Amino acid sequence: MYYSKSPKPRRSAVEQYYEATRGFNTIVYNYLIHSKIEKFLLDNQPTQGWGAFYPRLIANAAIIHDLYFELYGAHPQGQAEFDNLLLTMARAFQNRGADLQARDLEKAQQDHWFLSNEIAGMSLYVDRFCGNLKKLPEKLAYLKRLGVNFLHLMPIFESPEDESDGGYAVSDFRKVDKRFGTLADLQKVRQKMADENMYLMLDIVLNHTSHHHEWAKRAKAGEIAYQDYFHFYDDRTLPDLFEQTMPDIFPEASPGSFSYVLELKKYVMTVFHHYQWDLNYANPRVLVDMLDNIFFYANLGVDILRIDAPAFIWKQLGTTCQNLPQAHTLLRLIKQCVAVATPGMALLGEAIVAPQEIMKYFGTEHFTARECDFAYNATQMALQWDALATGDTRVMLAAQPLLQQKPMGTSWITYTRCHDDIGLGYDDWMIAQAGFEAYEHRKFIKDYYSGSYEGSPAVGALFSVNPKTQDARISGSLASLCGLEKAAQESDNQAISLSIQKILLMQAQSFFLGGVPMLFYGDEVGYTNDYSYLNDEAKNYDNRWMHRPIIDWKKNKRIDIAQSIENQVFSGTQKLLTIRKKLPEVADLKNLTWLSPHNKHIAAYVRNLGNKKLFCLFNFSNRLTPLTWYIFRELGDNPTKVYEHWREKTYSVGKDYEHLLLEPYHFYLFEAEV
Ligand code: GLC
């Protein structure tokens with residue numbers, strides 16, 4: 001690695017002054033930094049002036065400088081690359097279309113536009129959903145009918161088909177893969193979506209590139225400057241040391257974290273698959289180049305940028321190489337640069353790590369709510385699967401005090417399924433608090449969803465079993481894990497109805513919790529597992545493909561056949577999204593309160609705004625379950641009548657000692673005026 005081997009460079013007087021005052025000048029005016037930046041702006045002044053960029057840069061200059069030099073202060077190229085970083089930001093602003101600049105201002109006026117209850121998303125593979133980008137615009141009507149106005153297009157940039165990890169091994173960050181179409185096709189999709197008031201999310205795969213990326217090819221060809229883009233080692237000494245503390249991410253498909261590069265007779269760090277080379281962010285050139293790619297996506301009109309695997313971006317010997325403080329510094333730096341040059345683009349950090357660690361991606365201390373705008377609520381997602389298997393919501397409840405620490409101004413992506421596996425990543429103490437033993441409890445959940453627990457209706461599989469620790473995650477589609485695959489195979493109508501009820505229960509809980517709901521394509525019509533990946537050599541080593549369906553539009557058309565499975569799942573999902581959009585109290589404004597566990601089978605929370613309170617109740621039991629009417633008075637209110645949005649019915653609130661009876665796997669959305 002270049003950074004660790006280079007001698008300490010001499011410091012200029014300015015740098016020495018800065019070093020001495022570091023920590024004191026964050027956020028405030030700093031003559032040395034500001035005069036330097038003023039000079040830069042004057043020297044590079046475009047004919048139309050700097051417009052809104054000027055005050056934004058001046059306001060954030062000291063922070064950007066501080067964060068950058070915290071990482072690169074000792075690097076010989078540190079100063080030169082800082083100048084490049086400023087230029088990159090300036091160019092990004094200059095290349096930002098007038099429409100996007102206008103949208104930036106519009107979004108700024110809405111004050112955290114992304115907290116709205118009116119945004120609902122879907123994540124989809126363009127090729128598996130509709131063939132290619134050209135055909136996507138004609139599917140927007142279907143999505144809008146469902147209530148989806150935000151699309152996450154799974155990676156569409158160039159990636160070798162046989163070594164792609166679903167597009168997360170990118171060989172060209174700026175070229176749309178020909179399988180999907182062209183950049184012009186993407187721009188048309190974006191324009192059409194903007195015309196329809198829809199939002200767009202794309203990924204930046206920040207942690208690694210494909211080994212076919214130009215940087216990797218030049219590294220293989222012997223160019224030292226490009227070898228410094230990655231983590232190379234001459235022999236196994238350091239890789240062996242690293243591996244003592246780095247957990248295996250794909251222990252079955254790609255054990256270890258290093259791969260041998262024949263051309264160079266060296267080892268390169270590959271935390272994920274052997275064909276995904278980890279980028280070396282200790283080299284500031286890598287940061288600046290990747291920031292340039294981030295701005296390229298911003299200027300395509302991306303509304304939310306999904307930062308893939310941010311937990312992994314900084315490596316340090318003797319650590320897990322995950323969630324390191326420097327990874328947060330990098331993300332904060334990226335956030336401030338985006339806030340200056342392309343502020344309308346929000347950032348989602350895809351950190352699927354321990355609950356406490358996920359929370360840190362929203363920023364801490366000075367940077368609270370100034371790191372990632374979004375994170376996946378992966379803890380809650382997994383806990384819903386936990387509750388569905390056990391019929392007991394106590395582990396879920398134990399996690400809430402921690403999850404509720406999410407700062408105002410940030411939000412969750414809430415979901416039940418996505419393209420990845422389900423990791424049971426919640427903490428042991430949460431399980432213990434519910435009275436269970438962690439190892440046995442997780443074993444039960446894994447067995448329940450992977451077919452080893454007799455009587456389980458779920459059909460799924462274990463993903464990435466670690467033979468050393470027996471750790472494993474779970475693959476399977478929402479419908480199959482909720483029992484639909486088995487029920488349909490056995491033509492058991494009662495079980496089919498129950499599985500549909502479970503699907504809607506899972507969706508409802510994630511839709512009303514606060515955050516932007518993200519559906520996974522196919523789940524809106526109940527796609528079960530697809531085993532065709534087993535016949536494809538480029539995919540059969542990765543069972544996550546079982547829950548990444550190829551859409552058969554004849555099947556999806558069945559949404560119009562009354563009482564078909566597709567119709568029931570689609571119309572239920574659609575109704576939930578319609579209700580959600582009508583209720584401003586569902587916006588994510590730190591307005592969520594979990595209620596006492598009056599009955600361990602029922603999860604209950606309240607969303608409130610003004611004089612409205614929405615009581616959301618979810619029965620995870622397979623039995624009719626009683627709940628005291630006191631639940632509506634628990635927060636000090638005394639409503640006499642409540643309106644239930646799903647059943648469209650008004651209920652009179654009973655006495656404390658009387659009970660409301662909740663049907664198996666049903667949910668209730670009671671609104672009270674207080
Ligand atoms: C993210 C993606 C996952 C991919 C990994 C490596 O976690 O969601 O699909 O395998 O990053 O890029």
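User: What makes strand β19 and strand β20 a pair?

Analyst: In this predicted model, local features need pLDDT of at least 70 and side-chain atom pairs count only at pLDDT 80 or more, while totals for chains, interfaces and linings use all residues. Residues are numbered from 1 along each chain as its sequence is written, and side-chain values use heavy atoms, with hydrogens and water left out. Strands are DSSP runs of E with at least two residues, helices are runs of H or I with at least four, and both are numbered from the N terminus. Two strands pair if DSSP finds at least two bridges between them; β19 (residues 602-609) and β20 (residues 612-619) have eight bridges in the antiparallel sense, so they qualify as a pair. In this pairing L609 stands opposite K612 in β20.

User: Which strands does the open sheet hold, and in what order?

Analyst: The six strands follow the order β18-β19-β20-β25-β22-β23, with antiparallel pairing. Strands β18 (592-594) and β23 (649-652) are the edge strands, as each pairs on one side only.

User: Why is H34 called buried?

Analyst: Buried means under 20% relative accessible area, exposed over 50% and partly exposed in between, using a 1.4 Å probe and protein chains only. H34 has a relative accessible area of 3%, and therefore H34 counts as buried. This residue lies in helix α3 (residues 31-43).

User: What is said of the cover of strand β5, and which strands pair with β5 in the parallel sense?

Analyst: Seven of the seven residues of β5 (residues 199-205) are buried. Y199, M201, D203 and V205 point one way, whereas L200, L202 and I204 point the other way. Strand β2 (residues 150-153) pairs with β5 in the parallel sense over three bridges, with F150 opposite Y199. Strand β11 (residues 304-308) runs parallel to β5 and is joined to it by five bridges, among them one in which R306 is the partner of D203.
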